[in-house]
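I opened my notebook to look up a few things in this model. My notes follow the order in which I checked them.

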Amino acid sequence: MMGMGGAISDEDRLDRSETGKVLRRSLEFAQPYRRYITLALTYVTATTMCTVAGPLIVAFAIDNGLSKGSASALNGAVIVYCVVVGVNYLAGRQQYLAINTAGEGFLRDLRVRVFDRLQTQSMAFYDRNKAGVLVARMTADIESMGELIQWGLLQFVSAGLLLVLTLLVLAIKSWQLMLVVLLVLPILIIASVRFQRRSNKAYLDVRENVGHTLSSLQEGIAGVRVIQAYDREDEQIRRFTTTSRRLYASHLHSVKISVGYFGLVEFVGVFAIALVVGVGGWLSHRGSITVGTVAAFVLLLANLFDPVQQLSQLYNTVQSAAASLHKLYGLIDTVPDVAEHPHPVHLAAAGALVAHDLSFTYDGAERPALSHVSLVVAPGERLALVGPTGAGKSTLAKLLSRLYDPTTGEVTFADVDLRLAALASLRERVVVVPQEGFLFGGTIRENIRFARPTATDQEVADALASIGVLDRFEEFPEGLETEVRERGSRLSAGERQLVSLARAALVDPAVLVLDEATSNLDPGTEAVVENALEHLMTGRTVIVVAHRLSTVRRADRIAVVDHARLVELGTHDELVALGGRYAALAAAWARSQPNAEPSVGPG
């Protein structure tokens, strides 16, 4: 029965031109494995010829051995048949080894190329593409091609070659019996085309219902606390039962389609054999053909019907693989929004960071996130960006660190446009510390060294010491060799943030961009991280997206962003005295949180 992996929707189906491009691209991509591909095709040809030769040897044995009573002819036929069977076995084994060597190498290279391209994409790319879809490209799409490459392509080529050779041999052996075969062959072809279309639609329906069922199951498990809190268990059971019944019905429908098709193929095969035996017996009685020819036709009919079934089943699978390759090649061909200049320059060790009339609009957005913002951040200055949610302050920080390129305007460091800077040089001069420190599987030392892989153990220790937290981590039983586990689950939120700050200290940047690193921490841990931050910020240019008034007050200047524009710029005292947006933000928070530390906006 045909697998669901071969189902393909109309929007994913490629036209002839696109299919040709994918095929040519794949052949170019597979060039390193052309030796194995050539071997596989050679072995496929050998096994196909052996398969066709078998019935012909039987015909020879009947006509020249049994009918004429020649023991030598019969014994020779038996020996040749055994040799053909042996060659068929060895060639069949080697063809799968060769195609799997080439196929798995092709998939490995494809995975690496796609992952390499994903790692070099800008933040704008990830704004446009959902992470789940990209993971599906790297997993489901590539794995679906794995099954095709392991056996499907060989079967597809073998079935096509076997069909052509069988028709050719049948026509040569007896044109009369060939006419008989041609009477039933159109029935099989029409049934196969109809099955291909109906089964594709049925399996798409199955795949959709599988998705609905899994979604219902996931919601029922993930939301079990809410479900039980509101006594909605019966409703969730009813929903899951409904989706399960739909999945059952779609599965049953697909089974009925397959049973109907394969039953018809079996009937047509038996009917064709009966016709060949009947007509062949009559022709043999008249002396037009031999008994061996009739026997060969009966045996060759299986070689005729099986390939038609296989080609029908594999058609959607090949189409689906082509569609997956088309999408993967699309990812490989995607040019990063933030790309390195063809002739990059290295940035100076220090300098002013200047925004010149910046405007920026996110893809698909109707309104700009920033509009005509100009700003100068002097070397060693601390600048706080404040404003209401969605005002554009985080966007400004991303533009100043070149996580995005502006729609219009430019950002310069030491009078060099960041778009001209070598990316490695840029990331050494400007480092972004996100609000939540992300840790990779490995040790604390490895996670800190991630920022600069060539750093020595002493340099890692010095980075921790520079922000005053070396003793804290050395107190762990395994010290800096402590495994942090997946996403740093073995460490507290504060400790993960300290590792993130140590990374920045290891790079020793000229400019530090912070999405305030203490906003999600408990008060006890917050003090430690605040102290580490103070050490890290000393002697550097700092741009901080501020969430709390205490952070803002420590800044040399404050930039107030509202409705995509820079509306105020000055010190804390100057802006409070001005009585404008900043003063209103601080006063509003003080009134709403009288017992808490004042803030100037939730982000």
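Predicted model: local features only at pLDDT ≥ 70, side-chain atom pairs only at ≥ 80, totals over all residues.

**Surface patch.** I found a nonpolar surface patch of about 380 Å². Ile187, Leu264, Phe267 and Phe271 make this patch. Which helix gives the most to the nonpolar patch? I noted helix H8, residues 233-286, with 3 residues.

**Phe271.** Next I picked one patch member, Phe271. I located Phe271 in helix H8. Its relative accessible area is 41%. I wrote down "partly exposed" for Phe271, because 41% lies between the 20% and 50% cut-offs.

**Cysteines.** How many disulfides does the count come to? I got 0 disulfides. I then looked at Cys50, which is in no disulfide. The nearest cysteine sulfur to that of Cys50 belongs to Cys82, 13 Å away. Cys82 is in no disulfide, and its nearest cysteine sulfur is that of Cys50, 13 Å away. Is Cys50 buried or exposed? I noted Cys50 as buried, with a relative accessible area of 12%.

**Thr47.** My last stop was Thr47, in helix H2, residues 34-66. Its relative accessible area is 8%. I call Thr47 buried because 8% is under the 20% cut-off. Which residues is Thr47 in contact with, leaving aside its neighbours within four places in sequence? I listed Asn88, Ala91, Gly92 and Gln95.

Definitions and conventions: Residues numbered from 1 in each chain as written. Heavy atoms only, no water. Patch = residues over 30% accessible without salt bridge, like charges linked within 9 Å, V, L, I, M, F, W, Y side chains within 5 Å. Areas by Shrake-Rupley, 256 points an atom, 1.4 Å probe, with all protein chains shown as cover. Salt bridge = Lys/Arg side-chain N within 4 Å of Asp/Glu carboxyl O. Helix = DSSP H or I, 4+ residues; strand = E, 2+ residues; numbered from the N terminus. Buried < 20%, exposed > 50% of the residue type's maximum accessible area, 1.4 Å probe, protein only. Disulfide = S-S within 2.5 Å. Contact = heavy atoms within 4.5 Å.
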